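Trainee: I would like to go through the labels given to this structure and ask what each one rests on.

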Amino acid sequence: MPASSTPAPGTASPPVPSSPLPLATERLLLRPVRAGDVPAVTRLWTDPQVRRHLGGPVTEHVVRIRQRRVVGAPGVHAVVRATDGVLLGLVTVEPAARDGETEISYQFLPEHWGRGYAREAVAAVLDITLRETPSVVALTQQANHRSRRLLEDVGMTHVSSFVEFEAHQVLYRRRS
């Protein structure tokens, strides 16, 4: 999950698009993060496979802070399989995150990769978000070919490449 930008003192935070939660797709339920989700969510922040293209596992100190803030956090969608309630990952929407544009990000546990869950969840959140904002961006490492393919599959277009966080990055955008 990308770091949140902090508004300047005396300014209000931008509103988070009001995605109706829970949001159901054919196989998934997207809802706010619950206290019982925290162990699985913590794995998203600490698993080396998940974090391979995200700068590596998050430090213990940062994990503790995130654990306190993630439950019910605006814009953070827990993605659970509808048939059994297993948490598969997160999709996060941050308004005004990158040069004033809304940013979407996602992380899924490795045992759920390759089944189309991330694509299904990201597409649903992207479609809802674009009802309330003119464009959405997503950032991934150039080397993360699976993520790039997902972004293209949900209708996002590669718009720029640059180095950030000491890695080659690609920015994708979709307009409403």
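This is a predicted model: local features need pLDDT of at least 70, side-chain atom pairs count only at pLDDT 80 or more; totals for chains, interfaces and linings use all residues.

Mentor: The protein has four helices and eight strands, and from the N terminus on their order is β-β-α-α-β-β-β-α-β-α-β-β.

Trainee: How many of the residues count as buried?

Mentor: Of the 176 residues, 48% count as buried. The protein exposes about 9,300 Å², with carbon and sulfur atoms supplying 53% of that area.

Trainee: What share of the contacts joins residues at least 24 apart?

Mentor: Among contacts between residues at least 6 apart in sequence, 61% join residues at least 24 apart.

Trainee: What makes Arg43 and Glu111 a salt bridge?

Mentor: The closest N and O atoms of Arg43 and Glu111 are 2.9 Å apart. The cut-off is 4 Å between a side-chain nitrogen of Lys or Arg and a carboxyl oxygen of Asp or Glu, so the pair qualifies. Arg43 lies in helix H1 (residues 38-46) and Glu111 in the loop between strand S5 (101-108) and helix H3 (117-129), so the bridge ties together parts that are 68 residues apart in sequence. A search of the whole structure finds 11 salt bridges.

Trainee: Why are Arg43 and Glu111 called partly exposed?

Mentor: Arg43 has a relative accessible area of 34%, and Glu111 has 38%. Buried requires a value under 20% and exposed one over 50%, so a residue in between is called partly exposed.

Trainee: Which residues are joined with Arg43 and Glu111 into one network?

Mentor: Asp47 is joined with them, through salt bridges that share partners.

Trainee: How do you know that Glu164 and Arg98 form a salt bridge?

Mentor: Their closest N and O atoms are 2.9 Å apart, and the limit is 4 Å, so the bridge counts. Glu164 is in strand S7 (residues 157-164) and Arg98 in strand S4 (residues 87-98), 66 residues apart. As for burial, Arg98 has a relative accessible area of 17%, so under the 20% limit Arg98 is buried. Glu164 is at 24%, so Glu164 counts as partly exposed.

Trainee: What links Arg174 to Asp127?

Mentor: A salt bridge, with the closest N and O atoms 2.9 Å apart. Arg174 is in strand S8 (residues 167-175) and Asp127 in helix H3, 47 residues apart. Both count as partly exposed, Arg174 at 21% relative accessibility and Asp127 at 37%.

Trainee: Why are S7 and S8 called paired?

Mentor: They share seven bridges in the antiparallel sense. At least two bridges are needed, so S7 and S8 meet the criterion. Val163 stands opposite His168 in S8. The hairpin of S7 and S8 has two residues between the strands, and Phe165 takes a positive phi near 55° there.

Trainee: Why is Pro110 called buried?

Mentor: Pro110 has 15% relative accessibility, and the limit is under 20%, so Pro110 counts as buried. The place of Pro110 is in the loop between S5 and H3. Leaving out residues up to four places away in sequence, Pro110 touches Arg43, Asp47, Gln49 and Val50. Pro110 and Pro48 are 62 residues apart in sequence, while their C-alpha atoms are 9.9 Å apart in space.

Trainee: Is Asp37 buried or exposed?

Mentor: Its relative accessible area is 7%, under the 20% limit, so Asp37 is buried. Asp37 lies in the loop between strand S2 (28-32) and H1. Not counting residues up to four places away in sequence, Asp37 touches Arg31, Pro32, Ala78 and Leu87.

Trainee: Which residues of helix H4 are buried, and how do you know that they line one face?

Mentor: In H4 (residues 145-153) the buried residues are Ser147, Arg148, Leu150 and Leu151. Seen down the axis of H4, they fall within an arc of 160°, so they line one face of the helix. An α-helix has 3.6 residues a turn, so residues three or four places apart point the same way.

Trainee: What do the buried residues of H4 pack against?

Mentor: They pack against S5, H3, strand S6 (135-141), S7 and S8. H4 is followed by Gly155, which has a positive phi near 90°.

Notes:
Residues are numbered from 1 along each chain as its sequence is written. Side-chain values use heavy atoms; hydrogens and water are left out. Buried means under 20% relative accessible area, exposed over 50%, partly exposed in between (1.4 Å probe, protein chains only). Contact means heavy atoms within 4.5 Å. The arc is that of the directions from the helix axis to the C-beta atoms. Accessible areas come from the Shrake-Rupley method with a 1.4 Å probe; for residues, only the protein chains shown count as cover.
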